[in-house]
Amino acid sequence: MIRYRGLSLHYTCDTEALPKSLRNRFRPLGLDDSTKRWIDNALEQPHSDAVMQVREAVRRKMSDYDINGTLGIFSMRVLGTRQWQALLGQDFLGARLLDVGAGDGQVTRELAPLFESVEATETSLPMVERLKRLGYSAFPVDLTNEISSELLHRGFDMVTLLNVIDRTKRPITLMENIARFVGEQGYLALAVPLPLRPHVQVGGHICAPEEQLPADSRSWEAGVTALTAYLLQPLGWHVDAFSRAPYLCRGNQESPVQILDDVVFLCRRRSTT
């Protein structure tokens with residue numbers, strides 16, 4: 001664990017608590033300068049009480065995602081560009097990226113320098129507009145319900161699904177559908193906060209998902225093992241590497257930085273031969 005400005009940030013794990021098949025696939029990261037700058041900015045410029053009051057006033061009518069996209073608040077961070085490069089361990093220059101559930105694009109922006117082209121999907125229309133303002137081709141589509149014909153035959157080299165499956169009604173269906181967008185030699189980068197606490201925003205309400213993800217809350221390592229054995233492998237994904245990293249969110253003056261504990265997987269399609 002690393003301490004920075006009073007925050008506890010986890011980047012390491014107990015590899016002995018993992019199955020042997022996963023131990024040598026763990027890639028330890030560390031706190032980079034760009035994440036320090038992100039934290040410094042969030043601590044020094046938290047969202048104001050006035051903005052929080054506006055947010056609360058409209059929460060009964062809009063989902064949190066639409067509110068955050070409209071107001072430009074609660075931006076997220078997973079990894080910085082150099083951290084992504086260390087985890088991916090590949091030269092994706094010239095490659096095509098599809099970021100599914102890209103939010104306001106701040107997470108996407110750290111990945112973008114590693115790819116030639118970046119496209120994104122979002123179910124929140126205000127978030128789609130923010131993605132477009134950042135210069136990304138963004139599609140307002142829910143891939144749990146429909147397969148976008150515009151994206152289907154692109155053969156993306158990488159699809160990213162970052163902190164999404166624990167916030168969607170049908171995470172298994174989503175995982176099955178996105179496999180159709182990945183080329184034969186393509187990769188999936190999947191981030192999931194552990195322990196899993198799935199819930200879904202429907203309008204201004206929260207409900208339980210229709211499909212259940214495999215969960216083991218005894219430890220971070222147990223959660224990683226369960227997701228690998230009962231989600232990724234049955235769906236045809238081979239874990240090439242994975243890391244642990246804090247999933248950061250900007251907050252209000254009382255809590256300027258909110259932290260969840262992510263696993264970030266790099267997976268590739270398993271051979272059918």
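Start by selecting Phe 92 and Tyr 187: both are buried, a word used here for under 20% relative accessible area, with exposed meaning over 50% and partly exposed in between, using a 1.4 Å probe on protein chains only. Before going further, note that this is a predicted model, in which local features need pLDDT of at least 70, side-chain atom pairs count only at pLDDT 80 or more, and totals for chains, interfaces and linings use all residues. Residues are numbered from 1 along each chain as its sequence is written, and side-chain values use heavy atoms, with hydrogens and water left out.

**The ring pairs**

Keep those two residues on screen. A search of the whole structure finds six aromatic pairs; rings of Phe, Tyr and Trp (its six-membered ring) pair if their centres lie within 6.5 Å, and planes under 30 degrees apart count as stacked, over 60 as edge-to-face and the rest as tilted. The ring centres of Phe 92 and Tyr 187 are 5.7 Å apart with the planes at 90 degrees, so this pair is edge-to-face. It joins distant parts of the chain, 95 residues apart: Phe 92 sits in the loop between α5 (81-88) and β4, and Tyr 187 in strand β8. Helices (H or I, at least four residues) and strands (E, at least two) are DSSP runs, numbered from the N terminus.

Next, select Phe 26, Trp 220, Phe 242 and Phe 265, which ring pairs link into a cluster.

**Val 159**

Now go to strand β7, where you will find Val 159. Val 159 counts as buried because its relative accessibility is 0%. Contact means heavy atoms within 4.5 Å. Leaving out residues up to four places away in sequence, Val 159 touches Leu 98, Val 100, Ile 178, Phe 181, Val 182, Tyr 187, Leu 188 and Ala 189.

**Helix α9**

Select residues 171-178 to see helix α9, which is mostly covered, with six of its eight residues buried. Those six are Pro 171, Thr 173, Leu 174, Met 175, Asn 177 and Ile 178. To see what covers them, colour β4 (96-100), β7 (156-162), β8 (182-193), α10 (220-232) and β11 (237-250), which are included in that cover.

Zoom in on Pro 171 in this helix. Its relative accessibility is 1%, so Pro 171 counts as buried. Beyond residues up to four places away in sequence, Pro 171 touches Ile 165, Glu 211 and Leu 213.

**The second largest pocket**

A pocket is found on a 1 Å grid over the protein atoms alone, as an open set of points where a 1.4 Å probe fits, with protein on both sides within 12 Å along at least five of seven lines; lining residues have an atom within 4 Å of a point. The second largest pocket holds about 350 Å³ of space, where grid points are joined across faces, edges and corners and a volume is the space filled by probe spheres set on the points. Select Trp 38, Ser 75, Met 76, Gln 106 and Arg 109, the closest to its centre of the 21 lining residues. Helix α6 gives the most to the lining, with four residues.

**The cysteines**

Finish with Cys 13 and Cys 267. The disulfide count comes to zero, a disulfide being a pair of cysteine sulfur atoms within 2.5 Å. For Cys 13, the nearest cysteine sulfur is that of Cys 267, 16 Å away. Cys 13 is buried at 18% relative accessibility, and Cys 267 is buried at 0%.
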